[in-house]
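Biologist: Could you walk me through this one? I'd like to go from strand pairing to the interface.

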Amino acid sequence: MSPRVGVVTFPGSLDDRDAARAVRIAGGEAVALWHGDDDLHGVDAVVLPGGFSYGDYLRCGAIARFAPVMASLVDAAKGGLPVLGICNGFQILCESHLLPGALTRNDSLHFICRDQRLRIEDTSSTWTADYAAGQEIVIPLKNGEGGFVADERTLDMLEGEGRVVARYLEVNPNGSRRDIAGIRNERGNVVGLMPHPEHAVEELTGPSTDGLAFFTSVLNSLVASS
Amino acid sequence: MARVVVDVMLKPEILDPQGRAVQGALGRLGLTGVTDVRQGKQFVIDIEGDLEGERLELMHRLAEELLSNPVIEDYRMQVLPDAQDVAQ
């Protein structure tokens, strides 16, 4: 039986269907999870998708963080459940303190939508194991508040522990400190990424299929550990 | 009846692109000598009864955990005794 990957829908999520589709294309079973339901329905991993949960009111991800599903998810993530937060999902993971730092308004003040080149810097996480270290990929990026910030000590810690998962190449689109596009927690099961791998899983609809390995990584890891 | 006013500002070391854009506009509109603009938020919360004890502690905690993000923001909270007085 293929691993079951939950995709949470919050009010204002946009990319939940694409995330579910990416899971299916990668060979997994996608399970729809609802923000108001604190039951994770026994899924083997969870994707927090992109979008504008609660209209980005207050701060991006600030209200979603307190949704009933998040209480269960935070506990499960601390116990090792693989969790990938993409864009708004990354913001929710930071607001939940599952990942350090915060995402702030792009330094240009513009909403950026482009195909972005990245370098995968860490392949030890559950979500990046299928990439080669240093591999360059191109996947869509679309955000208005994607500037990753943290204090210098935290940035040094992330770098020192190899927890920068992906870095922007060629241009830094949003003013992220040290060109950081994605990070992981200490254990490597929780990853936050500002660009969108779920939009790059099929030649017909994406700029590449470079995003697919995020999803095959977690599925292969789940199969190997079962 | 009490009124709680919570001001939330980005920490000084966090870049504030919105404040910078406002600073540029002030200059273009003829205001000379503007050296810095920081943009923040103000929450005005009216609440029944006196705010004290556990409820005051909870209000403080929610100002820190919900209304602000301590990673990037500072908050300042004032409790005003009577919303009616404040409104006048």
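This is a predicted model: local features need pLDDT of at least 70, side-chain atom pairs count only at pLDDT 80 or more; totals for chains, interfaces and linings use all residues.

Biologist: Over to chain B. In what order do the three strands of the open sheet come?

Modeller: The pairing in that sheet is antiparallel. β2 (40-47) and β3 (73-80) of chain B each have a single partner strand, so they stand at the edges and one side of each lacks a neighbour in the sheet. On average, neighbouring strands are turned by 15° against each other, direction ignored. The order is β2-β1-β3.

Biologist: What is the bridge partner of Arg3(B) in β2(B)?

Modeller: β1 of chain B spans residues 2-10 and is joined to β2(B) by eight bridges, the two running antiparallel. For Arg3(B), the partner in β2(B) is Asp46(B).

Biologist: Which helix of chain B packs on the sheet?

Modeller: Look for the one that touches β1, β2 and β3 of chain B. Its direction makes about 150° with that of β3(B). That's residues 53-67, helix α2.

Biologist: Now the interface: what area is buried between chain A and chain B?

Modeller: On the contact count, 15 residues of chain A meet 16 of chain B. Leu58(A), Arg59(A) and Leu109(A) supply 39% of what chain A buries against chain B, more than any other three residues. Carbon and sulfur atoms give 65% of the total, which is about 1300 Å².

Biologist: Which residue of chain B forms a salt bridge with Arg59(A)?

Modeller: The count between the two chains is one salt bridge. Its closest N and O atoms are 3.7 Å apart, inside the 4 Å cut-off. The partner of Arg59(A) is Glu73(B).

Biologist: And how many residue pairs are in polar contact between chain A and chain B?

Modeller: The count takes pairs with both residues at pLDDT 80 or more, and it comes to seven. As for the side of chain A that touches chain B, its residues divide into six nonpolar, four polar and five charged. So, back to the polar contacts between chain A and chain B: seven residue pairs.

Definitions and conventions
Residues are numbered from 1 along each chain as its sequence is written. Chains are lettered from A and ligands numbered from 1 in the order in which they are written. Side-chain values use heavy atoms; hydrogens and water are left out. Contact means heavy atoms within 4.5 Å. Buried area is the accessible area (1.4 Å probe) that two parts lose on being put together, summed over both. A salt bridge is a side-chain nitrogen of Lys or Arg within 4 Å of a carboxyl oxygen of Asp or Glu. A polar contact is a pair of N or O atoms within 3.5 Å; within protein, one must be able to donate a hydrogen and the other to accept it, and residues adjacent in sequence count only if both atoms are side-chain atoms. Ala, Val, Leu, Ile, Met, Phe, Trp, Tyr, Cys and Pro count as nonpolar, Asp, Glu, Lys and Arg as charged, and the others, Gly among them, as polar. Two strands pair if DSSP finds at least two bridges between them. Helices (H or I, at least four residues) and strands (E, at least two) are DSSP runs, numbered from the N terminus. Axes are lines fitted to C-alpha atoms, for helices over the stretch in contact, and angles run from 0 to 180 degrees between N-to-C directions.
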